[in-house]
Every structure is written in structure tokens, then in C-alpha cells.
Amino acid sequence: MVEGFEVGGVPFNPDGWGPPDCATTTTTTSNLPLNVPFAPFSRSEKLGRIADWTRTFNNPARSKNPSDAVFDFSNDESFPGNADDDSTFRLVDGKPPPRPKFGPKWRFQQQRQLPHRRDEEVEAKKREAEKERARRDRLYNMNRSNVNMPRREAAVFKSSVDIQPEWNMLDQIPFSTFSKLSFTVPEPEDLLFCGALETYDRTVDRITPKNERRLERFKNRNFFKVTTTDDPVIRRLANEDKATVFATDTILSTLMCAPRSVYSWDIVVQRVGNKLFFDKRDGSQLDLLSVHETSQEPLPEAKDDINSAYSLSVEAAYINQNFSQQVLVRDGNKVTFEEPNPFANEGEEVASVAYRYRRWKLDSEVSLVARCEVQSVMEVNNQRSFLTLNALNEFDPKYSGVDWRQKLETQRGAVLANELKNNANKLAKWTAQALLAGADMMKLGYVSRVHPRDHFNHVILAVNGYKPKEFSSQINLNQASMWGIVKSIVDLCMKLKEGKYVLVKDPSKPQVRIYEVPPDAFENDYVEEPLPEDEQVQPPTEDGQGAEPNVAATDVEDKEVEAQA
């Protein structure tokens, strides 16, 4: 039978916390041992253990006897000898135990704790990470644009015409005012059709990067880029008082898409009596096609680089003209119109083009006549449909960021979106010209170099067709806004006195300036080029004869080939 355990008497201390003084202790509690020191403590201090049956020891060197484990106080820090070891005690408070930071075991424990703690902390961390990522992206784009833009301005932002000291600046119009303009014009009236068209070859629509087609050269066909006042048909219409304002589709599209332009351009305005003529200079950049105009990536600055802005413009014009003739059925059958090509001599082989002279009524007193171009015709549902033919060109995938040969078959929309970003002004001008000409379809070809360093040989990778009105809405080109710009400039110029003026797009700011120039400006004794000849790679030769057509881009390329041979 187990003997009873006698606890003994516990003295009462009326003076405070702890056992009474030694004097009283010896008298009242004689059963307690003498000379046992007592250390005062607070409730926040650690408490020791007499026996612990819950402890487990991971040390294999320890004794396996459980009786030794529960009464082993060698590691107990309640005693002064082991006060340095703090691994086996816990604080008597409500703080959670410290969590280990690493290891797979902690991850599983955290997953079990998440439902209790909810995941507010995790969500907060995710939000902070998203904010930090957005901030880094913002700083990266800011630094990237700040680094590139000054180099780009220094490389290509040059005035298209040298401003002479005797020119008098009359006004400057910021592009921000153009965005607020809107004007609706009635349907145009066709006055005359000239030229002849060949039928579009539908087989080119099946061209893919895997069965690409070599771009041919049409050396014998002549292309004409005649300005407004050198056009005999427009002179005849002006003498018959058919309108008060005269222009070409190239000039009108430049004005209509002016807010999208980055490079400098200029248009000559002549006020003769009550009539207004919009002209281009001989050798103007309006005859060429800009490349990567709205891209943020700078083009090479080297003068002899085939990828400089001017060299690419010449190459793009050459590609565009040859493409417009290669996609036709060249069987000798042509659709003829009321009058032949007004710029071609008898027996001369000319490119497939029809000039459509159309008249728009701007108000009760002012009407506008423009010469518009279409390049082909085809039968759709037993009806004649007019087409405009243009080609986008790839010169080096490193600059565009998209390799056409890899993306055209599977991601053609991504290729077009990239071109809309890099060549927004050029595509908008082509769309505006198709709308002015009343074309039923505009065909866009994708033409690439055979090799990135070979700018003479090219291949056609694909051809797409779009309806001009649908495509204009896709690229956010509003016809009312386009005509609002033309109407405002016409009204401004009609208030000027008789003479010659120049509209110049500022090379570094989004604005247009109007200069009054001498009557003999831009004549044979007043030669100006958009860029100095010694700074360009094989510039085209211009014959400054008034009614003679400009040299075609194909002739320029042929001369370049001969020069390098």
C-alpha cells in the first residue's frame, strides 16, 4: 500500500509576497529546511520544471531510460548553472512562437495556418508587388524614351526646305487645334477619267512566306509625279472655272494626316485671282514614302547607311511602284477611259494608272477639284471595282521587332498592328488617298528584302485586301476630321492676298508654319533640295522642267545598281 505524502504547513505572510521573514519562519514552520535562499521574482519571469514527461530528446547519445529523461534537470535553466542555455523554456505570455523562415516544413505549416489567418497578408503582398512592378516598368519606359528621343531628333528631324531670311512667317498652327475640327462634305462629283487600267491578278492573294514571289523590275514603264499647276487637265478645268481650289490626292492626304506626321514636309500654295493652287516642289519628299516615321527606334545616322531615312524612302518608293505593276494581269488588255494619260507621249509605255478628277463642294462659294489615282480594276459581282495598290516593306527585323517570314502566316494581325505603330502616317495617307479616289478596295502587299543587307532584291511575302472605309475606322481615321483640316487651311489661305506661300511642317514641333515667299521661289535659279546632296546616299536626279514628269524611283534604283556594279 502506498504511503501518504505529507505536504507540511504553508506559512502565511501578512506583510507581502513570498515566505515570511526568517525569524517567524523558524518558529512557525519548523518542518521546513533552514538556510534555503529565496530569490524574489515577477510573473513575467520563466518558471522551472520538477518533472516533465512530455519532453523528447533528439540526441542519440542520451540515455534511453525514460526515468532518467523526466527527472533530468541538467538542461533546465531555472538553475543558475544553466542560465546561458535558453532553448528549452517558453515565455508565459500571449505572443506567438517564432516561425522558422526556411524549409519545406514551414511551407506546409503556413498553408494550414492560412485559413485561420485568412489571406489578407498574402493579398496585400501581391498588391505591393504589382505596384512595384508597374513602377519599375514606368521608370524603364521613361528612361528608354528619354535616351532614344534626343538621338532620333538629331538623326532625322531636319526641315524639308531651307527657310530663307527674306521669307516672312505669317502664322503657325499647332496640331492640337486640328483635333477639334470637323466638317462634312457632300458626295463628290466625277468630272473626268483619264488613263488606262489593267486587271488585278487574283492569284497574288495566295502568296505566303513559304511560296514567296520575287519582286520584278519594270524598267520600261514610266511613272509620273506631276504637280498641280503642271497638270494640263487641271489648267483646263481652272480656265473653265470648274472650281476655286485645286490639288492632288497626295497633297490633300498630307494635309489630312498632318497630325500623324513626324518628319518635316512642305506644300507650296499659290493664290492667283480668286483661285487657290496647292503644289509640291520639284524633288519634294512628297514623291517618296517615309519608313519608320512614327517608330520610337532611331534609324542609323551614318550617311552611307542603306537603312538611313532617305535611302529607305527611295527604296520604299521603288518597291511600291514595282509592286503596283507586278500584281496585274499583263496580257495587253486594258480598261480605257474618256481620255488617255495626259502626261504620256504617243507610243510611250506607261504604268497602269487612271486619274480621276473629282470635285467636292466645300461651301456655297468654294469648291475643290483634286486629281486622284487608282492603279487597277477587277470585276466583282459583274460590277467594276477600282483598286489602289501599295506595299509595306521590311528592311531589317531588328528595327521592327517582328520577323515577317515567321509571323505573317500565323499572326498577320500582329504584323499589321506593328506597322500601324511604326508607319502610322504612311498608312493613314494611303487610306485617305483611297477614300478620295473612291476606290472599292485597297490592297496592301508585304515586301521584304532577300537579305537584310541587300536593298536591291526583294520578295513578296503576302497581299491583303481592305475596304477603305472599314480600314479607316480600324486605324481611327475620321473623314469629318480630315475634311475639317482641309477646310480650315483653305479658309485661311483664301484670306491671303495674291502671291506665293509655303506650308512647312516644323521639324521638331507638332505645328505647321505659313511663310510668304518671293514669286520666283523654287524656280530654276532658286534650287533647293529637301536634304543636301553631299549628305545623301546616291540621291535621285531631278529634271526641273515644268511640265516634264519626275524621274521614277525605278530609274533611281537602276542607276544605283549600275554605280555599284
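Predicted model: local features only at pLDDT ≥ 70, side-chain atom pairs only at ≥ 80, totals over all residues.
Colleague: At what angle do helix α7 and helix α14 pack?

Modeller: Helix α7 (residues 249-256) and helix α14 (residues 479-494) pack at about 100 degrees, and their axes are 8 Å apart. That makes α7 roughly perpendicular to α14, a label for angles of 65 to 115 degrees. The axes are lines fitted to C-alpha atoms, for helices over the stretch in contact, and angles run from 0 to 180 degrees between N-to-C directions. Helices (H or I, at least four residues) and strands (E, at least two) are DSSP runs numbered from the N terminus.

Colleague: Which residues make the contact of α7 with α14?

Modeller: Helix α7 contributes Leu252, Leu255 and Met256, and α14 contributes Met482, Trp483, Ile485, Val486 and Ile489. Contact means heavy atoms within 4.5 Å.

Colleague: How many bridges join β12 to β13?

Modeller: Nine bridges join strand β12 (residues 441-451) to β13, and the two run antiparallel. They form a hairpin with two residues between them. Histidine 451 stands opposite aspartate 454 in β13, and valine 447 stands opposite isoleucine 460.

Colleague: And what is the bridge partner of arginine 213 in β13?

Modeller: Isoleucine 460 is the bridge partner of arginine 213. Strand β3 (residues 213-214) pairs with β13 in the antiparallel sense over two bridges.

Colleague: How many residues of β13 are buried?

Modeller: Eleven of the 13 residues of strand β13 (residues 454-466) are buried, so the strand is largely enclosed by the rest of the structure. Buried means under 20% relative accessible area, exposed over 50%, and partly exposed in between, with a 1.4 Å probe and protein chains only.

Colleague: What about the other sheet, which strands stand at its edges?

Modeller: That open sheet has ten strands in the order β1-β15-β14-β5-β6-β4-β9-β8-β2-β7, with mixed pairing. Strands β1 (168-174) and β7 stand at the edges, each with a single partner strand, so one side of each is left without a neighbour in the sheet. Strand β1 pairs with strand β15 (residues 511-517) in the antiparallel sense over six bridges, and asparagine 168 has glutamate 516 as its bridge partner in β15.

Colleague: Which strands does α12 lie across?

Modeller: Helix α12 lies across β8 and β9 (367-374), running at about 75 degrees to β8.

Colleague: How many residues does α12 have, and how far does it reach?

Modeller: Helix α12 (residues 424-437) has 14 residues and reaches 20 Å from its first C-alpha to its last, close to the 20 Å expected at 1.5 Å a residue. The expected span is 1.5 Å times one less than the number of residues. In α12, 14 of the 14 residues are buried, so the helix is largely enclosed by the rest of the structure. Just after α12, glycine 438 takes a positive phi of about 70 degrees.

Colleague: Is asparagine 423 buried or exposed?

Modeller: Asparagine 423 counts as buried, at 2% relative accessibility. This residue is in the loop between α11 (412-422) and α12. Leaving aside neighbours within four places in sequence, asparagine 423 is in contact with Ser290, Val291, His292, Glu293 and Thr294.

Colleague: And asparagine 476, buried or exposed?

Modeller: Asparagine 476 counts as exposed, at 65% relative accessibility. Its place is the loop between α13 (468-474) and α14.

Notes. Residues numbered from 1 in each chain as written. Heavy atoms only, no water. Parallel < 35°, antiparallel > 145°, perpendicular 65-115°, else oblique. Pairing = 2+ DSSP bridges.
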